[in-house]
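Open the model in your viewer and keep the selection tool ready. Each stop tells you what to pick next and what to look for.

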Amino acid sequence: MSKRSTEELETFVASKAPFGKPDQNDELLEREESIGEFEDPWEDEFESESEDIIEDTEAASDNENAMEIEESADQVYLPGQELGKDEFLEADQSVYEMLHSLNVKWPCLSFDILHDSLGEERKMYPATAYIVAGTQADKPKNNELIVMKMSQLHKTQNDDDSDKDSDSDDGILDENPILESKNLKHYGGTNRVRIMPQRNCYIAATWAETGKVHIWDLAPVINSLDTPGRQISQKAQKPLYTVESHSTEGFAMDWSGTVAGRLITGDMHTNIYLTTKAQSTFTADRIPFVGHTSSVEDLQWSPVEKSVFASASADQTICIWDIRSKKKAALSVKAHEADVNVITWNRKVEYLLASGADDGVISIWDLRTFMNNRTSPTPVATFKWHSAPITSIEWSPIEESVFAASGSDDQISIWDLSVEHDPEENSHKIIRKGGIEVPSQLLFIHQGQNDIKEIHWHPQIPGCMISTAASGFNVFKTISV
């Protein structure tokens, strides 16, 4: 992952209006530290959102396929097409079940979603989500770790289930989204933040640009958000532990889902270190895992094997490691022709791994083909839709065949591998215009944000996604997933 430059931050600051002041509709409920405000999803800010790209063509008869596909292409914008002099983009709200935007004081490179006690597989509205994010401010001392509670996230699509008391014909509910936040001082920008995945555990790790990894207990912060008037003690505002094994900064980090308190972190000097929880504190190893020849960009623990994790590097390889051997990776595969920026391990199908590279290529790997270092396995699927580096990728926690990816081309793409490509049905499944071909597995393209850095599926709200970009956060759920 690449950070935003000083020039980009200066442009961001110059372009933003003053913060911390709720608008006339009280769309922001301020508690302590105001970080921004929700925007009305029907205002002009979302004129650059995408529309569903694969619609209406399957209903065409065999004799009218060509004509109707051409008409559909005239109505639907595909990234890469040039707009006419008087043309502009407008979001098709009918393809979003929910769509909200949040402006921020400082852009965030990374965030994670906190598991809450509100229930699993929630489908009722309004929705509530808790997230933790780290800022990239203009000066190291201005950075913060922000814990946010976003509530009253209402459905923005009009249907029969909409609130009958709503006086709006377009189906937007009367309630306004509410943002409550608590901020912790964090010296240096946050390159990545990750939450320990175990239930009822609010332990977070932050990769600071200072080269240190901080571990935090966010339980007191969550309690202060949920209990009006409760203060956060001075002790709770400081890290539980700081990992100082690294000699430089990094971006790669992951908590184990099978062993609580087990953390791996990778830096730009090729080193990967293991940190483990020991009773009431943590212990950081000083001996690294050695094998990559360039920056370690991403790390992922196996969803089933307690001692196994995967790494992605700018040396174009993906490695599989066993923590019992630090001198050499168990398996190493050249995965891309460019830096491998991100990887994601499927939690539903343990042998599937997806990767995204600097050249915009996404590859899907069957780890059963990673037999030994002498073979060169090929991906089971490769997609070249994005025109810029892949910045984030993640499998759906609900649907085993669905994943999403974000790119520096300001797109979030949602894919379903269960959709098979049928050449005989190309006229129904694919829209072509200006040389652009839409893969059958591509379900949806979300746009409207600038410089998207990270995406996550909400683990308890099926189909809900949250993304962070220079222009703020989006919280949305499409009709496609």
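Select T276 and T283: T276 stands opposite T283, a residue of strand β14. Now widen the selection to residues 272-278, which form strand β13. β13 and β14 pair in the antiparallel sense over 4 bridges. Strands here are DSSP runs of E, at least two residues long, numbered from the N terminus. Two strands count as paired if DSSP finds at least two bridges between them.

A word on the model: it is predicted, so local features need pLDDT of at least 70 and side-chain atom pairs count only at pLDDT 80 or more, while totals for chains, interfaces and linings use all residues. Residues are numbered from 1 along each chain as its sequence is written, and side-chain values use heavy atoms, with hydrogens and water left out.

Next, show the whole sheet. It is open, has 4 strands in the order β11-β12-β13-β14, and its pairing is antiparallel. Which strands stand at the edges? They are β11 (252-255) and β14 (281-284). Each has a single partner strand, so one side of each is left without a neighbour in the sheet. From one strand to the next, the twist averages 20 degrees. That angle is taken between axes, lines fitted to C-alpha atoms, in their N-to-C directions, on a scale from 0 to 180 degrees. What holds such strands together? Strands of a sheet pair through backbone hydrogen bonds, either parallel or antiparallel.

Move to residues 108-113, strand β3. How many of its residues are buried? The count is 6 of 6. Buried means under 20% relative accessible area, with a 1.4 Å probe and protein chains only. Find S110, which stands opposite G134 in β4.

Now pick S406, in strand β24 (residues 402-407). S406 has a relative accessible area of 0%, so it is buried. Its side chain and that of T391 are joined by a polar contact of 2.7 Å. A polar contact is a pair of N or O atoms within 3.5 Å; within protein, one must be able to donate a hydrogen and the other to accept it, and residues adjacent in sequence count only if both atoms are side-chain atoms. Then select I393: it is 13 residues from S406 in sequence and 6.5 Å away in space, C-alpha to C-alpha.

Last stop: the cysteines C319 and C464. C319 counts as buried because its relative accessibility is 3%. C464 is buried too, at 1%. How many disulfides does the structure hold? It holds 0, a disulfide being a pair of cysteine sulfur atoms within 2.5 Å.

How values were computed
Buried means under 20% relative accessible area, exposed over 50%, partly exposed in between (1.4 Å probe, protein chains only).
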